[in-house]
Every structure is written in C-alpha cells, then in structure tokens.
Amino acid sequence: MKMNWKTNKIYEWLDKRYELTPVIEFMSKKKVPVHKHMIWYYMGGVTLFLFIVQVLSGILLLLYYRPGADTAYESMRFILTKVNFGWLVRSIHSWSANLMIFFVFVHMFSTYFTRAYQKPREITWVSGFLLLLLALGFGFSGYLLPWNELAFFATKVGTDIVGAIPFIGKPLMLVLRGGDDVTGATLTRFYGFHVAVLPAIFTTFLVLHLLFVQRQGMSEPEHLKNLPDAKKKWMSFFPNFFLRDALLWLIVLNVLLFLAVFYPWDLGFKADPFAPAPAGIRPEWYFMFMFQTLKFLPAHILFLEGELVGILAFAIAGIIWMFVPFWEVRPQGTAKIHFMNIAGMAALIYIIIFTIVGYMV
Amino acid sequence: MKNFLSLSTFLILFYAMANTFFIAEILYADNTVPSLSEDHCLTCHREMGILPSGFNENDIHMQPGLSCSGCHGGNPASDDPEVAMSPKNGFAGVPTRAEIPQFCGKCHSSINFMRTYRPRIQTDQVEQYYTSVHGKKLRLKDQKVAECVSCHTSHAIFSVKDARSTVYPLNVPNTCKKCHSDPDYMKEYHIPTDQFARYATSVHGMDLLENKDTGAPACNDCHGNHGATPPGVESVSHVCGNCHVNNLNYFTASPMAEPFEQLDVHACEQCHGNHGVQKTSDEMVGVGESSVCIACHDAGDNGYHAAEQIHHQIKTFVNLYDSAQVRLKDVQQKGMDDVDILFLLQEANQDLIHSRTLVHTFDPSKVAAKAGEGIKKTNEAIVLERQEVKDYHTRRRGFGIATLFITVLAVALFFKIRDMEKLRKKG
C-alpha cells in the first residue's frame with residue numbers, strides 16, 4: 001500500500017496500538033469468485049446501502065418529528081411543507097424503506113436458490129432471516145408514525161391479528177398498543193420501537209451478519225466448487241468488488257432520488273379514532289400475502305378459528321424457513337429436480353400471487 | 001368462541017326483555033286504561049275484519065295505550081257492542097268533516113291533558129287552523145277543504161320526526177300536492193295547481209326531494225301548517241328572511257325597500273319568483289339578457305348604471321377566483337403544498353358569498369369594498385400557487401443536476417473498474 005510520509009506515521013502509530021496489519025492483510029487477500037451468477041452477490045450490498053440511507057434520512061426526520069396523537073401528523077405536515085428539503089428526506093425515507101425490504105427478499109431468495117446457506121454459513125442464514133423479521137418490524141412500526149387514516153386502521157387490524165395468537169396474543173397486543181385500543185400511547189411506543197429498540201437490535205445482528213460474511217467470504221455455487229482451482233476465476237474484494245458495489249449504489253441512489261422527486265410519498269388524511277374505517281384498508285405490500293391469506297381462510301377450520309390456523313401456519317413456515325440449513329433435503333443420485341428448488345419456487349410464487357391478489361380484490 | 005358469545009348475548013338480551021316485559025305488566029296493572037289486548041273495540045273489530053282502512057297499530061296514539069275509545073268514546077272494557085258503543089258511555093261515533101277539528105281538539109287543545117304525554121307540545125293547532133284558509137272555508141261548510149285527518153290521516157298518525165309520517169319534512173310537499181295539484185279538485189277555488197311542479201324544479205324542491213335535505217324548506221315552512229295561508233305583500237320578505245337573514249336586512253335598509261312597498265311589489269318574489277325559485281346566478285344582476293334589474297331600469301338611469309357596476313365587480317372577482325381554483329388544481333395535481341392556499345381561498349370564498357349578499361344593498365361601493373377584500377386574498381393565493389409551481393420545476397431541475405453529478409461519478413467509476421480489470425487480467 002503506497003502512503004505518504006505523514007499517513008505512514010499515523011498508520012504506524014495506530015498499528016502499534018491496534019495491530020491493524022493482520023486485518024488489512026486479511027482484507028487485501030479476500031477474494032470473490034467470478035461466475036455467471038455473481039450478480040446476486042450485490043443484493044446484500046444494496047440492502048446495506050439502503051439501510052444506511054434509512055439511518056441518515058431517519059435521523060434528519062427525527063429533528064422535526066414529534067410523536068403524539070396531536071402532534072405526529074402536524075409535524076409530518078410541517079416537515080413536508082415548511083422544512084427545507086423535508087419533502088425530499090421524507091420521501092426518500094419511505095421509498096428507501098420499501099426498496100430495502102424488496103432487496104432483503106431478493107437477497108434472501110438468491111441466497112436460498114444458490115444454496116449459499118449450506119455449511120459453513122448456517123448461522124449467517126439464520127442471522128439474515130432474523131434481520132428480515134426486524135426489517136418487517138421497522139416497516140410495521142414506521143407505518144403508523146405519520147398518524148394518518150390508513151396507517152391507523154391498518155395498525156388496528158395488524159395488532160388485532162397479533163391478539164389472535166393463543167395464550168400470548170392478548171398480552172402481546174396490550175403491550176404493543178399500550179392499552180386496549182390503538183391510541184396516542186400506541187404511537188409513542190411504536191416510535192420508541194422504531195427509533196431505539198429495533199435499531200439497537202438490528203445493528204447488532206447486522207454487524208454479526210457482516211462479520212460472518214467477511215470472515216467466511218462469498219460462497220461458491222455448486223458448479224464452481226467442483227471445478228479444479230486452475231479453472232476458477234477470482235477478483236479481489238478490495239478494491240475490485242467494492243468499487244462495483246459502489247457503482248451499483250450510485251445507480252440505486254439515482255433511482256431512489258427519481259422516485260422521491262417524481263412520485264413523492266402521500267401523507268393522506270389525519271387519523272380519526274372515532275371515524276368509521278375507510279374503504280381499502282391494507283397493510284404495507286410486504287405483509288399483503290399474509291393478510292390476504294387470512295382473509296381467504298374460512299371462519300373455522302376443524303375446531304380452530306380460521307385466522308388462528310393461518311397465523312400458526314405462517315409461524316411454523318417461518319421457523320421451517322429459518323432452519324433450512326439444518327434440515328435441507330439433498331438430491332439423491334442424479335435426480336434433476338431438486339426438492340429445495342421446488343419448495344423455494346412454491347414459496348416465492350405463493351408470495352407473489354397472494355400479493356397481487358391482495359391488491360386486485 | 002363466536003357461538004359462545006352469540007349464546008351469551010342472546011341469554012342476556014332474553015333476560016333483559018323478560019324483565020322489561022315483567023315491569024311493563026306491573027305498570028299496566030296500575031293503570032286504569034285497559035291494555036290493548038283487553039281492549040274489546042280493537043279485538044272485536046279486528047276479529048270481524050272491520051278495522052278502519054289504513055289502520056296502523058303503530059299509530060302514535062296507540063303507543064301509550066290510547067285506543068279507539070280515546071277518540072271515539074265508549075266502553076272498551078265491555079264485550080257487548082250495545083254497551084261498548086252506547087252514547088250513555090260517551091260513544092261519539094265517526095265525526096263529520098266539520099266536527100273533526102274540535103274532535104281532535106278535545107285533547108290537543110288541552111295543555112292539561114297533553115302535558116301528560118308531551119309536555120312541550122303546542123296546543124294551539126285548532127285555534128291556528130280556524131285562522132287558515134282551510135279553517136275559514138270549513139266554517140263556511142266547505143266539504144272539500146283540508147282538516148286534521150286530510151294531512152295527518154285518521155288511523156296511521158306518526159310523529160313529525162318519523163319518516164313514515166305524512167307530515168315528515170320530506171313528505172310534506174306530496175301531502176299538500178294531493179289536493180293542490182289536482183286541477184279537478186281545485187277547480188272551484190280558482191287558484192293555480194302547478195305549485196308542486198314548479199317547486200319540484202326549484203332550488204328548494206331539488207334540495208328537499210332530490211338531495212333529501214330535511215333542512216330545505218317545504219310548503220309549510222313558508223305558508224305555515226295549521227294556520228296555512230298565502231303570505232301577503234307585507235309578509236313575504238319576512239318569510240324568506242327567516243332563513244335568508246342578511247339578504248332581508250340589506251334589502252330593508254336599502255333605498256329600494258320604499259319604492260317596492262309603494263308599488264305594492266313583493267320584495268323577494270319580484271326578482272326570484274316564489275314556488276319555482278331557482279339557484280341564483282351572477283347574471284341576474286347587471287344589464288344582460290338574464291338580468292332582473294332591466295325589468296324596471298332603463299339605460300341611462302342610476303339603477304341601470306349601479307347594476308352595471310355591481311355586475312362588473314362581482315364578475316371580476318369571480319373570474320379571478322376561478323382562475324385561482326384552476327391553478328390550485330394544478331398545484332394539487334403536482335403534489336405540492338396547498339394548505340395555505342386553501343385557507344386563503346376559503347376566506348376569499350366567504351368574501352365572494354358576502355359580496356353576492358351585498359347585492360341586496362344595491363350600493364356598488366359596498367359590493368366593491370367587500371369584493372376588493374376577496375380579490376386581495378385571491379391574489380395572495382395566486383402568488384403562493386405560482387411559487388409552488390415554480391418550486392415543482394426547481395425540484396425537477398435539482399434532480400437533473402444531481403443525476404448529472406451521480407452519472408458522471410458512476411461513469412468515472414465504471415472506467416476506473418475497467419482499467420483495474422484490464423490490469424488484473426494482464427497481471
């Protein structure tokens with residue numbers, strides 16, 4: 001590494017104290033396999049970039065946002081109309097949140113279909129899945145914060161669903177709502193979850209997830225593993241892969257700005273707890289497939305309530321999905337159809353179809 | 001779970017109903033009026049199928065237990081028709097048309113009796129009735145004029161607040177129409193029969209009959225009900241002024257009030273009409289074809305000139321206000337901030353309404369002063385609207401500059417990566 005005299009001095013000073021050389025050695029030797037599916041390697045990076053955008057735009061919103069039934073909507077209106085670039089920051093925060101969840105899903109399914117979760121990356125997969133749940137938690141809690149009509153009733157429905165869980169549902173719903181109903185108390189605690197509790201937990205898991213990825217490197221797809229070393233192609237993580245990542249981040253930033261400027265996020269009408277629920281209440285798009293499933297289920301399945309059966313089914317499916325690396329079914333002999341691919345495609349198609357149906361019905 | 005809840009709800013309701021029934025039984029036991037099930041007038045007439053036509057058991061009188069004998073007299077406790085319908089027992093039979101007001105008035109004109117059931121009810125209906133055209137003609141033995149049951153029915157009387165009532169606000173025009181729109185029935189009275197037809201297409205009629213707005217005036221709101229009579233010259237403006245208060249005040253204080261009175265002209269009706277009163281338009285003022293001013297004023301006189309000025313002021317304001325509304329739509333369509341604009345235009349709209357009301361002063365300076373206030377607010381709104389549209393384009397230009405910067409950076413990065421790849425391949 002070329003450094004001038006002054007930089008060298010500072011580096012030496014730090015190195016003596018923190019032993020940086022082994023870390024830099026490790027990073028400089030880190031390689032990324034080059035192959036036709038390597039585009040999926042960038043999805044995690046894009047998600048990380050969008051998370052950084054979320055943190056920065058979220059901090060800016062915090063400067064003006066005031067939680068509370070009487071102040072939340074008004075402060076949002078103030079941000080959108082009076083604060084310089086407030087409209088842009090809010091719109092970026094909303095679009096970036098949605099894009100982040102989208103890329104989390106893309107990243108998860110690409111990891112699944114390339115079988116990157118296999119040994120030795122089982123814990124990386126589990127930590128990633130937990131990050132997905134936390135991201136959904138961010139989405140759910142953030143949706144209510146503008147205190148608008150749609151978010152208010154969607155939160156009511158969402159927390160009602162939580163209340164249907166046997167044994168722990170009712171107390172959990174009371175904790176989430178801060179009482180029997182969705183009120184200003186719900187708003188302030190959702191605010192607490194959104195800006196303090198979830199970021200703390202999310203950052204911890206994110207650091208772990210990134211450490212795992214850095215320590216173990218990128219996984220090689222099956223066909224590459226079987227090739228002799230001489231035929232494998234590699235590129236350095238620093239700076240080659242990192243700069244490619246940066247290039248994609250710039251493109252995503254541009255798309256994000258385009259969406260924020262040309263399709264600014266709507267604030268809607270202020271929530272009125274005494275008004276009847278408006279038509280077209282729906283959750284954020286990433287909850288739509290679950291919401292639609294619950295709507296389709298009959299009132300009773302055997303001796304259980306339909307809604308309860310749905311919730312239990314999703315909970316079980318989530319647990320099964322989280323532990324995929326530990327129960328994976330490997331193909332026998334020369335079988336061409338891989339069971340894991342069928343299961344993954346079924347889950348993906350189910351999510352897509354039920355999301356589309358949710359918006360059409 | 002749901003079944004269990006439904007069952008519990010049913011049991012609770014059943015328990016409550018049983019209790020209510022039990023309490024009601026005790027109350028009736030203490031009352032001297034027999035319960036409806038023990039009322040022999042009702043039971044016999046029902047069994048024999050000779051209940052009066054249009055009889056309704058939900059009639060307002062039946063609710064507190066006043067049955068047939070309440071109006072017709074007799075002894076409902078006896079199952080012997082001779083005893084039950086004996087004049088000795090106060091049986092009055094069916095009243096003649098001329099007797100009906102007094103027949104109903106037995107109770108309805110007695111506050112001592114009526115306060116038992118409705119402490120706040122009026123008891124001057126019969127008194128008022130005899131001051132009406134209907135009442136006066138009835139005294140002159142006219143057998144066709146309306147009396148109580150003509151409007152209220154005989155045996156299906158409901159509260160005026162009940163939508164089933166013939167005198168419920170939405171039903172009043174149709175109740176009056178039954179006689180007043182029948183040319184054959186009204187022939188001998190020599191009055192028009194097109195009131196309902198004209199009313200139905202008027203601003204009032206459309207609001208009441210089409211929009212079901214019970215606040216809109218029906219026949220009785222202008223003519224009265226029990227004391228129904230056509231408003232005279234001296235009272236017609238007061239009738240309209242009941243609702244259109246400012247218009248009346250401005251008019252009576254205007255220099256036009258006196259000549260109108262001298263000419264024996266109905267104040268409001270002269271320009272707006274009566275039953276067929278239409279939604280007003282700015283073209284009613286001025287010197288155009290639709291103007292009502294030129295009916296009396298000729299070119300060159302002061303009134304003509306004032307009408308011209310007032311029309312010009314209002315139109316200037318309206319045109320400006322409409323253009324601000326079009327710009328507002330543009331601002332909203334562009335997704336820009338419209339809060340302050342909306343407030344300003346709301347205030348301007350109030351000024352516009354007030355300016356139009358001030359037309360009844362017939363004073364161009366007063367209209368100009370109020371319209372001027374509104375024009376000022378509208379102009380302020382237009383300045384804000386222009387600013388918002390400008391901001392909208394500034395945002396897009398800003399995005400263009402940012403995109404240019406990001407694209408240059410991305411292209412530079414792309415070439416840097418390509419150079420590095422080349423070096424890697426060579427190496």
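Let's start where the two chains meet: 18 residues from chain B and 17 residues from chain A make the contact. Contact here means C-beta atoms, placed from the backbone, within 7 Å. On the side of chain B that touches chain A, helix α21 (residues 364-426) of chain B gives the largest share, 14 residues. That side of chain B divides into 11 nonpolar, 2 polar and 5 charged residues. Nonpolar is Ala, Val, Leu, Ile, Met, Phe, Trp, Tyr, Cys and Pro; charged is Asp, Glu, Lys and Arg; the others, Gly among them, are polar.

A word on the source. This is a predicted model: local features need pLDDT of at least 70, side-chain atom pairs count only at pLDDT 80 or more, and totals for chains, interfaces and linings use all residues. Residues are numbered from 1 along each chain as its sequence is written, with chains lettered from A and ligands numbered from 1 in the order in which they are written.

Now chain A. It has 15 helices and 4 strands, taken as DSSP runs numbered from the N terminus (helices H or I, at least four residues; strands E, at least two). Of its 361 residues, 27% count as buried, meaning 20 or more other C-beta atoms, placed from the backbone, within 10 Å of the residue's own.

One helix pair. The axes of α5 (residues 86-113) and α6 (residues 122-144) of chain A come within 11 Å and cross at roughly 160°. Axes are lines fitted to C-alpha atoms over the stretch in contact, and angles run from 0 to 180 degrees between N-to-C directions. So α5(A) and α6(A) are roughly antiparallel, the term for angles over 145 degrees. Their contact residues include M100(A) and V104(A) of α5(A), and W125(A) and L132(A) of α6(A). That contact divides into 8 nonpolar, 4 polar and no charged residues.

Notes:
Parallel < 35°, antiparallel > 145°, perpendicular 65-115°, else oblique. Buried ≥ 20, exposed ≤ 12 C-beta atoms within 10 Å, placed from the backbone.
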